[in-house]
Amino acid sequence: MESRADIRKTYKLFIGGAFPRSESGRSYKVDDSKGAFLANAALASRKDARDAVLAARSAQPKWWDATAYNRGQILYRVAEMIEGRRGQFEDDVVSAEGVSRRKAASAVDAAIDRWVWYAGWADKIAQVLGSSNPVAGPYFNFSMPEPTGVVAAVAPQDSSLLGLVSVVAPIIVGGNTVIVVASQNRPLPAVTLAEVLATSDVPGGVVNILTGDYAEISPWLASHADVNALDLTGVGDAGLAKQLAVDAAVNVKRVLPPPRKAPDWFDDPGLDRIRAFVETTTVWHPIGV
Amino acid sequence: MNVALVDGVTASNSALRRFLHGLPGVDQVGADSRAAMLSTRSIKASAKEQAIDLAISMVDLTTLEGMDTPGKVRAMCAKALRPDPSSAGVPHVAAVCVYGDMAGIAREAVGDVLHVAAVATAFPSGRASLNVKLQDTRDAVLAGADEIDMVIDRGAFLAGRYLEVFEEIVAVKEACGSAHLKVIFETGELRTYDNVRRASWLAMLAGADFIKTSTGKVSPAATLPVTLILLEAVRDWHRQTGSLVGVKPAGGIRTAKDAIRYLVLVNETCGPTWLTPDLFRFGASTLLNDLLLQRQRMATGHYSGPDYVTID
């Protein structure tokens with residue numbers, strides 16, 4: 001049998017449910033953990049970030065209008081599909097992070113479990129973070145969590161799949177939409193996740209994945225007046241993180257600063273990340289009407 | 001083309017038909033690719049800043065809905081006068097464009113700072129008797145409109161009754177008095193580029209001050225190639241008669257990028273003479289917001305968002 005031609009891939013971005021090339025036409029080499037060539041990935045520019053914000057903004061109201069139960073079902077379906085492509089994800093994690101196959105398998109397991117766990121929270125956030133408040137008058141008084149809106153996130157640089165999932169899932173489960181900049185040197189699990197999201201029921205624009213140099217893209221996202229919150233988890237450089245937080249002040253974004261010490265993504269995540277991207281709305285309602 | 005010649009080609013329907021069908025045909029592929037090629041021009045930095053301000057000053061801010069209220073028209077007029085209150089130096093738009101019954105309210109709101117354009121002649125279909133159309137026009141002018149946007153009778157045009165269309169435009173022009181007349185072709189219903197070129201010449205022969213692509217109610221509305229054909233017609237008309245006719249693409253122009261493409265097209269086809277609100281307008285409602293967002297982006301250095309412009 002003749003030897004087959006290699007299929008060499010140049011991966012693309014994931015914006016608004018489509019896979020565009022970078023507007024700039026640029027791409028960059030992605031190597032595995034030992035420095036051998038793996039693939040080319042798109043090197044996103046500020047204009048790709050701008051397009052992603054537009055897509056996220058237009059998707060957000062509809063995503064929040066879906067019932068919480070429905071959002072949970074859609075997210076659960078994503079977990080099912082990651083399970084279906086587990087082999088590919090394991091390969092991606094092995095080559096990206098240089099871990100053993102067993103370790104990679106446990107990371108993929110944890111990523112799937114994490115996704116299922118957050119999917120389950122979709123219709124429980126309001127019960128746990130909301131309340132009905134006793135007030136001195138003939139009124140009902142409710143506090144309810146509502147999404148912050150469009151969130152820009154920098155995914156962890158080391159944990160290419162589990163870390164990414166742990167950042168993206170809590171943002172979207174609350175009804176937000178997200179623009180996430182994938183790990184710069186380990187973007188391929190994010191690209192595979194994009195392929196999963198594109199064929200799942202998640203509406204286009206709810207998750208937008210950019211690959212490339214986060215130091216180039218994130219300042220534009222931080223200062224963008226149509227972004228409501230910033231998740232700086234993957235920003236390693238403290239100076240840059242501070243500057244991004246300053247830029248974010250332009251429209252008083254919520255900012256989730258980078259963790260003080262490197263998190264163990266296998267740990268129980270708790271509710272902190274969900275809580276970081278919801279706002280509490282309190283309404284008064286006269287009793288008997 | 002002198003007066004005698006105009007009289008000659010409009011003497012009868014067959015003479016007019018001979019003239020219009022004698023116009024050179026439009027190379028459809030050529031027009032499309034010329035428009036596509038010009039739309040790849042990149043306009044950056046200070047040229048872009050100028051283009052955005054020029055485009056803002058060329059907007060006919062439009063509301064043509066059945067649900068228009070006096071309050072909505074007044075709000076739109078306030079925006080037309082001062083598109084971005086957060087920034088000094090933003091020019092006002094060229095005109096507001098409303099239905100005839102709102103022309104008085106619009107005139108009261110904008111004073112004599114802006115033009116008030118009213119659509120008339122049974123807009124958007126144009127399906128009414130000549131008497132009704134003329135009265136519609138007179139009403140709008142009386143209410144304070146100084147620009148009238150009329151629609152041609154596409155049925156008559158497509159059936160080849162060119163003289164009927166011609167005479168209707170002449171009659172409406174007369175009813176306008178001193179008001180400027182814009183003639184809307186609804187190019188989406190004319191089917192071919194050849195028809196667009198014929199309609200352009202027909203309207204100019206009848207005395208149009210502006211020729212306008214569409215009502216905005218029919219898709220496709222304004223496109224670059226169609227606007228290119230209109231621009232070529234006014235350029236050739238200027239060469240033959242020395243008089244200047246304006247062009248107004250309307251409908252479907254929503255982004256600053258689109259608007260700048262149109263400006264490139266104008267400059268490349270007719271030259272800088274036409275780069276003025278007196279000779280080129282955008283009929284649009286949402287375009288203005290995008291122009292303002294781009295202007296804010298260039299002024300502040302960061303991207304702006306829909307929270308920083310009005311909801312129309």
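**Figure 1. B:T121 in the loop between β3 and α7 of chain B.** In this predicted model, B:T121 is placed in the loop that lies between β3 and α7 of chain B. Its phi is near 55°, a positive value in a residue other than glycine. Most residues other than glycine have a negative phi, and most peptide bonds are trans.

**Figure 2. B:A122 in the loop between β3 and α7 of chain B.** The loop between β3 and α7 of chain B also holds B:A122. B:A122 is not a glycine, yet its phi is positive, at about 55°. There are 16 C-beta neighbours inside 10 Å of B:A122, which is why this residue counts as partly exposed.

Figure 3. The bond that links B:F123 to B:P124 is cis, and its omega is near 0°. B:P124 is located in the loop between β3 (115-120) and α7 (130-143) of chain B. A cis peptide bond, with omega near 0°, also runs from B:S219 to B:P220. The loop that contains B:P220 lies between β6 (210-212) and α11 (224-241) of chain B.

Figure 4. Strand β5 of chain B comprises residues 180-184 and is mostly covered, with four of its five residues buried. Strand β4 (residues 147-151) of chain B runs parallel to β5(B), and five bridges join the two. Within this pairing, B:M150 has B:V183 of β5(B) as its bridge partner. β5(B) also pairs with β6(B), in the parallel sense and over three bridges. Here B:I184 stands opposite B:K212, a residue of β6(B).

**Figure 5. Packing of helices α2 and α9 of chain B.** Two packed helices are described by the angle between their axes and the distance between the axes. For helix α2 (residues 13-22) and helix α9 (residues 162-176) of chain B, the angle is about 95° and the axes are 8 Å apart. α2(B) and α9(B) are therefore roughly perpendicular to each other. On the side of α2(B), the contact is made by B:N13, B:L16, B:R17 and B:L20, and on the side of α9(B) by B:Y162, B:L163 and B:F166. The residues of this contact comprise five nonpolar, one polar and one charged.

**Figure 6. The contact of chain A with chain B.** Seven residues from chain A and seven residues from chain B take part in the contact. On the side of chain A that touches chain B, three residues are nonpolar, two are polar and two are charged.

**Figure 7. The fold of chain A.** Chain A contains ten helices and ten strands. The C-alpha trace of this chain spans about 80 × 40 × 35 Å along its principal axes. Of the 289 residues in chain A, 46% are buried. Among contacts in chain A between residues at least 6 apart in sequence, 75% join residues at least 24 apart.

How values were computed
Residues are numbered from 1 along each chain as its sequence is written. Chains are lettered from A and ligands numbered from 1 in the order in which they are written. This is a predicted model: local features need pLDDT of at least 70, side-chain atom pairs count only at pLDDT 80 or more; totals for chains, interfaces and linings use all residues. Axes are lines fitted to C-alpha atoms, for helices over the stretch in contact, and angles run from 0 to 180 degrees between N-to-C directions. Angles under 35 degrees count as roughly parallel, over 145 as roughly antiparallel, 65 to 115 as roughly perpendicular and the rest as oblique. Two residues are in contact if their C-beta atoms, placed from the backbone, lie within 7 Å. Ala, Val, Leu, Ile, Met, Phe, Trp, Tyr, Cys and Pro count as nonpolar, Asp, Glu, Lys and Arg as charged, and the others, Gly among them, as polar. A residue is buried if 20 or more other C-beta atoms lie within 10 Å of its own, exposed if 12 or fewer, and partly exposed in between; C-beta atoms are placed from the backbone. Two strands pair if DSSP finds at least two bridges between them.
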